[in-house]
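Subject: Structure handover

Hello,

Here is the structure I said I would pass on. My notes on it follow below.

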Amino acid sequence: MAIISEQPGGQQVPDDGITAQGVSRSFGAVRAVDHMDFHAPAGRVTALIGPNGAGKTTLLLMLASLLAPDQGSITVGGLDPVRNRAEVRRRLGWMPDTLGVWESLTAREILTQMARFYRLPASGIAPRVTDMLEGVRLAALADQPARVLSRGQQQRLSLARALIHDPSVLLLDEPASGLDPGSRVELRTMLRQLAAEGKAVVVSSHVLSELDEIADGAVFVNNGRTVRQQTTEEAAAAGRRYAITAADTAALAAELARLGLEFRREEGRRPGVSLVLHNEVGAERLLRDLVLAGVGIRSFAPAAGALEETYMNLEGERR
Amino acid sequence: MSSMTENREVSARRGAPGPYLSGIAHVVALELKQRLRSRGWYIMLAIWFALTGLVTWLTWASWSASNAFQTRDFGGVSGTALTGPGSLIFEVVLAFVLLFALLVAPALSANAVNGDRAGGTLAILQVTLLEPGQILWGKFFAAWAAALAFLVASTPFLVIGVALGGLTPAYILVSLVMLAVEVGIVCAIGVGISALAGRPLFSIVVTYLAVAGLVVGTLISFGLGTGLTQGTVMANNPQYRAYAPLQSDPVDAGYTCAGPLREQSAMHTERVAWTLAMNPFVVVADAIPYPDRTVRQNFTSIGAIEGISQAARQAMAGPDGTVACANGKVQPTYLGQKTPLWPLGLGLQLVLSGFLMWLGWRSLRTPARKLARGTRIA
């Protein structure tokens, strides 16, 4: 039985990624997830964004086929997790927010055990484990007990564990929390690469700035509901706030007023102004106009990531 | 969950028993690796070995001291000297090993599942292709294996006891098998409860209470239950022979029955004897073979193990088998081992532990529909 198809590519996934439709789940009186819709297509990175307690982890547990929804349906590659449990699990990789490593086992033993639990062919396990360890830069620590690994290293081990059976859908719950900036960049590269191989990658986070770089699309949730689904392009197209600082803020403000633009003075550490621009072409034109008008521009950049912009707007709507 | 999924699981198991068993074996391997690397287990094992050795030595020392005393004062050979210390040492060590095995087993089993839940590693297993049954059986066998190591550590002392007393190897074999089975029962109870309870501390305490229930609770419930079994038995009068020798005799009760049958009040202990049968000490004692006492020649003193077994069988026989001249028949004072009690007790224990394991299995099924209050699955 071929469990792993070694060649990358989305061909093995005729039906697209992972989908939840109208799922609800309550814990006693608490409605953790309430008619949530979610879709993560194959070959893309989808961010699941929401404040703490929004129902992200509950949704991910349901997507990971650990928790049954009270209502609604979930399909993984077109299959129902309740009816085709084994088939669905072969396609799912899940990295929990609690790391949960067997502390007395070495990284190599942990991955080997996981490969066995996924019933990979015995002969292929050892090379596969070595590959995975190299992929997450743990080869040098492969025979150390997991308890001596740092948090970042344990996180990478956890990622390797979720990938050991080459799943076509990858669910990552807060994968970047506790990682240093270098490891974040590395994680970003890795996730982009996995998406390029045709996997559906779902990343939940509330660190938004880095999701801009990783995610192709985002699903915003709050209070157990799906608030908005959009792609990063759509988020960018919806308009972004730009922050501008100049040698002479008064001159900058005067020029903006002359151009008839609505702006806001920012009294931060570096005084400047901020304003909403609808697209990047507009930003380009404004910058040229300002420079040609002789305003000494010191910086001109988006004030926040595109997803952060949407998130903050949603927060605003909520109040 | 729907019965359909269960059927599917069953048929999957039937179609390929190999993967199912190898899945269990992989879980056992994972568990044992972790257990073998924890220092606490070795420390417990060392303490256990030392303690069992100490008990063996103390028993032997106290026997030889009392033996020397008797030999000096009476110049003769005492009754126990005939059989040697073996029977005594064997019985003391066996009772001690069983008691401590019953105390150790919950500690080794009752946090197997919820300990993993607390550490976040249970969901890691559940999300793989492992079936809930494989996880549960794997946890059980690993806990059992860890507990059996304690029995292995105490085997030398049981061998010493048997060898000194001139008992047959069958004693060691049967007693070790029965000890292993009893430890397995406690491990199954512990693993089952640990899958049900949210917190390891709670499940360990509950498992200890379950063990206490089996060891002490069965005696208490038998004692209290007996009071509810007041009844009558038809019996006539025993006529004791005047010259009856003082020593008890296994076959000859020393009386004859005469006169009309009359109703006599009696306790129908056979109605509640099943509670007694569930006691691990009764199960082990009853399963161990002892010489056939109905043959007059072999009759010497009765050991503690044999005494427990006989007492339990008297309770099981009830007044019809124990009241003198019940139904006008002479009762043997000694009940042969033809109707063993331990299969009943063991069966009841298996039902209890099997039920708890089944409940535990239900709580491990995924996608989970119901969660225990306050538990998070991941």
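The contact between the two chains takes 27 residues from chain A and 25 residues from chain B. On the chain A side, the elements that give two or more residues to it are α2 (85-91) and α3 (107-117) of chain A. Helix α3(A) supplies the largest share of that side, five residues. By class, the residues of chain A that touch chain B divide into 17 nonpolar, five polar and five charged. Please keep in mind throughout that this is a predicted model.

Sheets of chain A

One sheet of chain A is open and has three strands in the order β2-β1-β4, with antiparallel pairing. Its edge strands are β2 (30-40) and β4 (71-76) of chain A, each of which pairs on one side only. Direction ignored, neighbouring strands of this sheet are turned by 20 degrees against each other on average. Helix α1 (residues 56-63) of chain A packs on the sheet and touches β1, β2 and β4 of chain A. The direction of α1(A) makes about 120 degrees with that of β1(A). To follow the pairing in detail, start with strand β1 (residues 18-27) of chain A, which is joined to β4(A) by five bridges, the two running antiparallel. Within that pair, A:T19 has A:T75 of β4(A) as its bridge partner.

Another open sheet of chain A has four strands, ordered β11-β12-β10-β13, and the pairing is again antiparallel. Here β11 (264-266) and β13 (297-302) of chain A are the edge strands, each pairing on one side only. From one strand to the next, the twist averages 25 degrees. Strand β10 (residues 240-246) of chain A and strand β12 (residues 272-277) of chain A run antiparallel and are joined by five bridges. In β12(A), the residue that stands opposite A:I244 is A:V273.

If you look at side chains in these sheets, one general point applies: in a regular strand they alternate between the two faces of the sheet.

Chain B

Chain B has 15 helices and two strands. Of its 378 residues, 38% count as buried. Among the contacts in chain B between residues at least 6 apart in sequence, 85% join residues at least 24 apart.

The strands of chain B are β1 (residues 230-240) and β2 (residues 255-267). They run antiparallel, with 10 bridges between them. One of the paired positions is B:V233, whose bridge partner in β2(B) is B:Q264. Strand β2(B) is hardly covered: of its 13 residues, the count of buried ones is one.

As for the helices, α12 (residues 280-287) of chain B and α13 (residues 304-317) of chain B pack with their axes 8 Å apart, at an angle of about 105 degrees. Since angles of 65 to 115 degrees count as roughly perpendicular, α12(B) is therefore roughly perpendicular to α13(B). On the α12(B) side the contact is made by B:F281, B:V282, B:A285 and B:D286, and on the α13(B) side by B:I305, B:I308, B:S309 and B:A312. By class, these are six nonpolar, one polar and one charged residues.

That is what I have for now.

Regards

Terms used: Residues are numbered from 1 along each chain as its sequence is written. Chains are lettered from A and ligands numbered from 1 in the order in which they are written. This is a predicted model: local features need pLDDT of at least 70, side-chain atom pairs count only at pLDDT 80 or more; totals for chains, interfaces and linings use all residues. A residue is buried if 20 or more other C-beta atoms lie within 10 Å of its own, exposed if 12 or fewer, and partly exposed in between; C-beta atoms are placed from the backbone. Two strands pair if DSSP finds at least two bridges between them. Axes are lines fitted to C-alpha atoms, for helices over the stretch in contact, and angles run from 0 to 180 degrees between N-to-C directions. Two residues are in contact if their C-beta atoms, placed from the backbone, lie within 7 Å. Angles under 35 degrees count as roughly parallel, over 145 as roughly antiparallel, 65 to 115 as roughly perpendicular and the rest as oblique. Ala, Val, Leu, Ile, Met, Phe, Trp, Tyr, Cys and Pro count as nonpolar, Asp, Glu, Lys and Arg as charged, and the others, Gly among them, as polar.
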